Amino acid sequence: MKLLMVAIPNHHFFQWVNQLKDAGYEVYWFDITDGGPKSSKIEWVTQIKGWKLKWDFPFRTQVKKKLPKLYSKIQKVNETDVTNAFKKVLEQIQPDIVHCFEMKLSGLPILPVMSQNKIPLIYSSWGSDVFYYKQHGVNPKKVNTFIKRIDLLISDCKRDVGIIQSLGYRSPFYVLPGNGGLAINAEHIKKTNQRKNIIFKGYQYDVGEAIQIVKALEIVAVNLLKNLTIHCYSADVEVIDYIKQSDVFKLLDYIIYPRHQRLDNKKLLKIMGSSVLHLGNNLSDGMPNALLEAMAMGAFPIQSNPGGATEEVITDGVNGFLIHNPLDFRAIATLIEQALQDEILRAKAQEYNINFINENYKRSILQPTIVQLYQKLKNN
């Protein structure tokens, strides 16, 4: 069976696809952005790249950097339209199933082509692409047309299944993590009293509100933080600048991992495994993979809850704390202080969360379901 995947170059996408290795499928990946070289993470997949530029003219990158207006005019005639490129690929491969990951970036660009055929279409909803589609400027009519074309929905949370069903979707669905599940090295999971870090995600661009976490940490009692190292990963420039200019953070131990310098996932998990807390704060999100990873590694989660997605895995005050207002840094600071002062709560939460993730999100357990869903769709 031929599977044509449509997605941006993304770590979670690569993890999902690697669940299909050795499953007997012939897998192709159409890089919807045509960004960068072929990925070494999925070398076994036939990767379709190099479709965008009609002519990679000499000194193109220099022109792009130094003369952006001229470059923009050149690219209007030098770039192949994504719809035409995808149509050509579809005709060449003739896949049994097309699977697109994320709606705005991957689903809608191929919709004009998919609307003209009856090839089964799988859609994986990621993050904010359903919950926040209006705020992202996506036309509701296009969303409705797209949803009518989907033959199988995969969502990382129940919330988005409900939203899509409210828009008229009546076909089958699965609720599965966007990366296909977690593979955890238990050796890196420290006991509650051995944890020496606090870790938080530094997204500020678009729907992230990491600066509210930084502001919260600034007003947490210093004696609670003085023996801990604060790790900020995937940090946007605004967050980095704020931290470096903070008088409070000058008194604290901290490490910043900029967003453009991607932190290796194994290293991230290891830090989570030695962290007292994991903090995540967004105006919109699906089921954050980072949250699930932190829970699996035993870090006590304090996480925003847009649309009720996070409460699908966190019971407030039992196995974590929910941030009810992502813009209220004082309330976030209170949650941080409560968690740091209550080791008994954190120990119980750690045991519960590790077991919960192993039972519901373990990669090896989910793999058969993921492998078989393609065959099931084709048979139906």
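Strands β6 and β7 pair in the parallel sense, and three bridges hold the pairing. In this predicted model, Leu 153 has Phe 173 in β7 as its bridge partner. The path from β6 to β7 passes through helix α7, residues 158-166, and the three elements make a right-handed β-α-β unit.

Now look at the other side of β6. Here β5 and β6 pair, again in the parallel sense, over four bridges. Ser 124 has Ile 154 in β6 as its bridge partner. β5, α6 and β6 also make a right-handed β-α-β unit.

What covers the faces of a strand like this can be read from its side chains. In a regular strand the side chains alternate between the two faces of the sheet. Strand β6 spans residues 152-155. Leu 152 and Ile 154 lie on one side, Leu 153 and Ser 155 on the other, and all are buried. Both faces of β6 are therefore covered, given that buried means under 20% relative accessible area.

Seven strands form an open sheet in the order β3-β2-β1-β4-β5-β6-β7, with parallel pairing. β3 (46-48) and β7 (173-175) stand at the edges. Each has a single partner strand, so one side of each is left without a neighbour in the sheet. Neighbouring strands of this sheet are turned by 20° against each other on average, direction ignored. Strands of a sheet pair through backbone hydrogen bonds, either parallel or antiparallel.

Move along the sheet to β1 and β2. Strand β1 covers residues 2-7 and strand β2 covers residues 26-31. Six bridges join the two, and they run parallel. Leu 4 has Tyr 28 in β2 as its bridge partner. Helix α4, residues 82-93, lies across β1, β2, β3 and β4 (97-101). This helix runs at about 165° to β1.

Next comes helix α5, residues 103-114. Glu 102 caps its N-terminal end. A side-chain oxygen of Glu 102 lies 3.0 Å from the backbone nitrogen of Lys 104. How far does α5 span between its end C-alpha atoms? The span is only 13 Å, whereas a straight helix of twelve residues would span 16 Å at 1.5 Å a residue.

Is α5 enclosed or open? Nine of its twelve residues are buried, so α5 is largely enclosed by the rest of the structure. Among them are Met 103, Leu 108, Ile 110, Leu 111, Val 113 and Met 114. The buried residues of α5 pack against β1, α4, β4, β5 (121-125) and α6 (140-149).

Five bridges join strand β8, residues 197-201, to β9, and the two run parallel. Ile 198 stands opposite Ile 230 in β9. β9 also pairs with strand β10, residues 253-258, in the parallel sense over six bridges. Thr 229 stands opposite Asp 253 in β10. Helix α10, residues 237-245, makes a right-handed β-α-β unit with β9 and β10. Six of the seven residues of β9 (residues 229-235) are buried, so β9 is largely enclosed by the rest of the structure.

Strand β12, residues 300-304, is mostly covered too, with five of its five residues buried. Phe 300, Ile 302 and Ser 304 point one way, while Pro 301 and Gln 303 point the other way. Four bridges join strand β11, residues 275-280, to β12, and they run parallel. Leu 279 has Ile 302 in β12 as its bridge partner. Three bridges join β12 to strand β13, residues 321-323, which also run parallel. Ile 302 stands opposite Phe 321 in β13. β11, helix α12 (residues 289-296) and β12 make a right-handed β-α-β unit.

Finish with a single residue. Where is Asp 285 placed? It sits in the loop between β11 and α12. Asp 285 counts as buried because its relative accessibility is 18%, and the cut-off for buried is under 20%. A polar contact of 3.5 Å joins the side chains of Asp 285 and Asn 282. Leaving aside neighbours within four places in sequence, Asp 285 is in contact with Gly 127, Ser 128, Arg 159, Pro 306 and Ala 309. The C-alpha atoms of Asp 285 and Val 130 are separated by 9.3 Å, although these residues are 155 residues apart along the chain.

Conventions
Residues are numbered from 1 along each chain as its sequence is written. This is a predicted model: local features need pLDDT of at least 70, side-chain atom pairs count only at pLDDT 80 or more; totals for chains, interfaces and linings use all residues. Side-chain values use heavy atoms; hydrogens and water are left out. Two strands pair if DSSP finds at least two bridges between them. Axes are lines fitted to C-alpha atoms, for helices over the stretch in contact, and angles run from 0 to 180 degrees between N-to-C directions. Contact means heavy atoms within 4.5 Å. Buried means under 20% relative accessible area, exposed over 50%, partly exposed in between (1.4 Å probe, protein chains only). A crossover is right-handed if, with the strands pointing away from the viewer, the path from the first strand over the helix to the second runs clockwise. The expected span of a helix is 1.5 Å times one less than its number of residues. A polar contact is a pair of N or O atoms within 3.5 Å; within protein, one must be able to donate a hydrogen and the other to accept it, and residues adjacent in sequence count only if both atoms are side-chain atoms.
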